[in-house]
Amino acid sequence: MRRITQNKPRAQGTSRRDFLKLVTTAGAGLTLAMNLPLALAADSAATVAAGDFEPNAFVRIGTDGRVTILMKHLEMGQGTFTGLATLVAEELDADWSQIVAEGAPADASRYNNLLFGAQGTGGSTAMANSFMQMRTAGATARAMLIGAAAQRWKVPTTEIQVKQGILSHAASGNSAGFGELAALAAQQAVPDTQSLQLKDPADFSYIGQSLPRLDQGKTDGSALFTQDVQLDGMLTALVAHSPRFGGKVKQYDATKTLASPGVVDVVQIPSGIAVLATDFWSAKKGRDLLSIDWDDSAAFRASSDEMRREYRALAEQPGAIARADGDASAALANAATVIEAVFDMPYLAHAPMEPMNAVVLVNGAGCEIWNGEQFQSIDQNVVAAALNLKPEQVKINMLFAGGSFGRRANPHGDYVLEAALIAKAKRGIPVKLVWTREDDTRAGHYRPMYVHRVRAGLDASGTPIAWEQRIVGQSIMQGTAFEGFAIKDGIDSTSVEGASTLPYQIANLQVELHSVDNPVPVQWWRSVGHSHTAFSTEVIVDELARAAKQDPVDFRLKLLSQHPRHHAVLKMAAEKANWGAELPADWGRGVAVHESFNSFVAQVAEVSVQDNGSFKVERVVCVVDCGLAINPDIIRAQMEGGIGFGLSAALLSEITLNDGKVVQSNFHDYQVLRINQMPAIEVHIMPSAEPPTGVGEPGTPPIAPAVANALSAVTGQRFSRLPLKLNS
C-alpha cells in the first residue's frame, strides 16, 4: 500500500480567518457558508459581499470549476460522501465529474448532526438529517452563480439556464462554466432560504441514480486512512492494558523494553503503560518485554456463565416499565396458549477491518488530530478537557475509516483520548497510537450481553392477546453525554427499542428493563438495541404463528394492518422469495420484519441442514423501504453489508469472559463471516416519495431471526441463543 507522507502538518492554532485567507488567496473562488438552521445566512451575506467567506462551509467552487463538497459525516465505507454530494450536485446542476468530496473540519457550530446535537456520524442519520440541508446548500450556490452570470451579461436572472456545470443565456449566446463565474459569484448576496425553489422530484437527474462513488482510492492504496499518515519524527505507540476491566497498574519494570531496539520511551497513562518506538514492530516487541504487576483488587472477575445466571434470575423479577398497554399479566393468565422463552445474546466486538488508531500532535499552540473521526465534537471536547485547552485549540483532520460499526463513535473518546495523553507527554512530537486486533478484542468496548424473557399468549382463536418481555443488560447511555435525553425514568431507550416499539397489534403488551451495572465497557454496535430485540421478538412471533397453526407471513400481515410500511415490505419480500414454494429436502425458509432508524426491512432466509449437523444460509431476499432512494447501488450495498454483519453475530461471533478476562483475541477465535459463507442475496427497494431515512444499520436486525425461523421450520427446534447452533 502506498504511504502518504505529510511532512509539514498545518500550523497549530489556525483560525477560521487564517483558513479563510488560505482558501481565498489560493484563488478558490466561491465558498458558500451554511449554518443550520441557516440562521446565519443573512450575516453571511455581508461577509460574502465583502469577499471574506466563512471557512466552515458545505460548498466550495474553485476557479478551475471544481466543486468541493465539505462532508460533516465520516466516510467509513457506507457511501455517505457520494450520497451527500448527490444532493448538492442535484440542486446545483453541476456535472458529476466536477464534484469532489472532502472531510469537514471539526466545528460543532456548523456541522452538528441535526438529529443528535453533536458533530458525529451514527444512528443511520447522515442522509436523513442532511437531505434538505445539502439540497439547500446546492440551490443557494446555484442562485449565486446565476446572479453572477446575470450581472456579467446584463440579462435577467430568469433567462439563465444551468445544466451540467454550464450557465447559458440563449438570447445572447453567452455561456460560462462555474469556475469562470466563481469569483463574481462570491460577491453576490446569499439569498434568503425561503426564496429558493428546490427541484420537484420529477425533475431529479441525479437523485435516484446509481452514480459512481466518490470515496475512491481504496483498491489502489491512494485513499488516506489514519494508518497511512506519516509525519516527520513521528513515534508509534502501543499501550499495555489491564487484562481485567477495572484493574490498575501496581508497578512495572521497563528496563528490558527501553533496551529494545527502536524503543524511545515508556509513558504511564491512566489506562495503562504506553511504549513509544520508531515503528510499530519495535513498539510491539518493546511492549512484550514489559513486566507489569497489575492491581486487581477492584477488577471485575466474573465469567459469562456467572453473568448469564445473574441476568436470568433478574429476568424472573419485574423491572422498570418501558411500555404498558392493557394488562399483560391478566391476559396471560386467561390465555388459551402461552409461549415462553428465555433468549441469551453475548457480548459482541465491533471488529472493524481497520484497527483503532489516531495520530496526535500536541505543542504550545494546541493539539492536532488525524483520525477516521466519527465523533468530532465529543472527541474535541474530551481531548481539550484532558489537555486543558479550549475546544477550538483541538484541530481534527477527518480521514477515511476502514469500517467502524459504532466503535469509532466512543462516547468517552477512549482511544483518541489515550493518544492525546501520550502525545501530551511527548510535546512537539507527533504520535501514532495503534490498537492491535488483540488490544481491541480484549480491552475494547462491546455490544452488551443481554437476556430477554418473553411470555406471549393466544386466545382460543389463535389471536395474540398478551405479550410480556423483560430485558436484562447494561445501559450504553449511562454516564455519557447522551444520558439526559436517552434515559428517562430508569429506562435506557436504546436497550428496549424494537421491543418497546413493537408494531404488532396486541392489546396487552408490557416491556420491562433491568439495567445492570458492571465495569465491562459497552458501546453502541451496528443497529444498537435493534441488534438484540429483533431476534427475540421475531422468533416469538414465529412461535406464536406455529402455535396458532397459521402461516408466519399471513400471521404477521394480519397483525400489521395498521402499519402499512411494515406490511408492504413484508408482503413484497414474501412475493419476491416465492414464499410457500416447495424447497429441496432439508431446506427451511424463515421470515422477519423490523423497523429501525425509521427504515423498514423484511427478509426471507433459506437454509439447508447438512447430514453432519451443520447448516448453511443459502439465500436471503431483502426488501427495504428507506423513503426516497438517493443511490440504489449504495442502498443495495448497505443491505448486503448489514446482512453479512448480522450473519456474523447470528452464526459465529461471541465475546466471552472467564475470571474477568476476555477469552477471544483475534479473528481466529472471534470469527466473522467470510466471503465464501455469504449467501446469495437479493435486495429490492420499495418505491417511495417519503423523505430518505438511514440504510447503514437497518439491514442487520432481521437476519438473525429470519435464519433462526428458517432453522426451526426445517428442524422443529427452538432457537433462543446466539450464535445459533443446532441441537444446542
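Over the ring of which residue does the charged end of Lys 218 sit? The ring is that of Phe 400, with the charged end 4.9 Å from its centre. The table sets this contact beside that of Arg 407 with Trp 435. A charge sits over a ring if NZ of Lys or CZ of Arg is within 6 Å of the ring centre and within 35 degrees of the ring normal.

| Charged residue | Ring | Distance to ring centre |
|---|---|---|
| Lys 218 | Phe 400 | 4.9 Å |
| Arg 407 | Trp 435 | 5.5 Å |

This is a predicted model, in which local features need pLDDT of at least 70 and side-chain atom pairs count only at pLDDT 80 or more, while totals for chains, interfaces and linings use all residues. Residues are numbered from 1 along each chain as its sequence is written, and side-chain values use heavy atoms, with hydrogens and water left out.

Searching the whole structure gives 14 aromatic pairs. Rings of Phe, Tyr and Trp (its six-membered ring) pair if their centres lie within 6.5 Å; planes under 30 degrees apart count as stacked, over 60 as edge-to-face and the rest as tilted. The ring centres of Phe 245 and Tyr 446 are 6.0 Å apart and the planes are at 75 degrees, so this pair is edge-to-face. Both Phe 245 and Tyr 446 are buried, meaning under 20% relative accessible area (1.4 Å probe, protein chains only), where exposed is over 50% and partly exposed is in between. Elsewhere, ring pairs join Phe 375, Phe 482, Phe 485 and Trp 524 in a cluster.
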